[in-house]
Amino acid sequence: NYGSVGTFSVTLIVTDASGCMDTISKNVLVHPLPAASFTSKTVCIGNSTDFTDNSNISSGSITGWSWNFGDPTSGSNISLVQNPTHLYSVAGNYMVVLTVTSDSGCQITTSAPAVVISPPVASFTAPTVCMNSVTQFTDGSTGADAWLWKFGDGSNSASKNPAHTYL
């Protein structure tokens, strides 16, 4: 195992039982390994996950990418493009594997999770009220951490449980 990149002179000396010997020397060229890396953002189910290759190499170039999206039931679990997209059909954490290959044939593999989440579900209740009376809206949503209420009369609110008066 060579711990550094470069050209190394290798010599082989062979001897037979009678003491005769021969020598040969050849140069061995050691190429750098690529550094495999990628990113993806958390997405809601129904949206494609974009993968961004961040791999690099100290000399030469990366010429091949092999992606396994960790989603064998999808029917399109692999890609050979540098920056692919993949549509997951079920929310979850998927272990994605990327193998990159350099122009000298050196390969390295890395893995990281892709996260697909279920979107929040909007729900609310409101009593029937008369004009000029305060209407108290009660949020019943699940998975929400921000709210935007549009009351239909041009008024809005970002409160979780707002009150509104229709004039």
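Asn132 counts as partly exposed because its relative accessibility is 49%, where buried means under 20% relative accessible area, exposed over 50%, and partly exposed in between, computed with a 1.4 Å probe and protein chains only. The residue lies in the loop between β11 (124-125) and β12 (134-136), the strands here being DSSP runs of E with at least two residues, and helices runs of H or I with at least four, numbered from the N terminus. Phi of Asn132 is near 70°, a positive value in a residue other than glycine. Most residues other than glycine have a negative phi.

The model is a predicted one, in which local features need pLDDT of at least 70 and side-chain atom pairs count only at pLDDT 80 or more, while totals for chains, interfaces and linings use all residues. Residues are numbered from 1 along each chain as its sequence is written, and side-chain values use heavy atoms, with hydrogens and water left out.

Taken as a whole, the protein chain has 16 strands and 0 helices. Its C-alpha atoms fill a box of roughly 115 × 30 × 20 Å along the principal axes, and its radius of gyration is 30 Å, whereas a compact globule of 167 residues would have one near 15 Å; the radius is taken over C-alpha atoms, and the globule rule is 2.2 Å times the number of residues to the power 0.38. Of the 167 residues, 25% are buried. The chain exposes about 10800 Å², of which carbon and sulfur atoms supply 54%, with accessible areas coming from the Shrake-Rupley method with a 1.4 Å probe and, for residues, only the protein chains shown counting as cover.

Two pairs of residues illustrate distances within the chain.

Thr101 lies in strand β9 (residues 92-102) and counts as buried because its relative accessibility is 19%. With the same exclusion of sequence neighbours, Thr101 touches Ser61, Ile62, Thr63, Gly64, Cys106 and Gln107. The side chains of Thr101 and Gln107 also make a polar contact at 3.0 Å, that is, a pair of N or O atoms within 3.5 Å in which, within protein, one must be able to donate a hydrogen and the other to accept it, residues adjacent in sequence counting only if both atoms are side-chain atoms.

Another threonine, Thr49, lies in strand β5 (residues 49-53) and is buried, with a relative accessible area of 1%. Leaving aside neighbours within four places in sequence, Thr49 is in contact with Ser40, Lys41, Val43, Pro84, Thr85, His86, Tyr88 and Val116.

How values were computed: Contact = heavy atoms within 4.5 Å.
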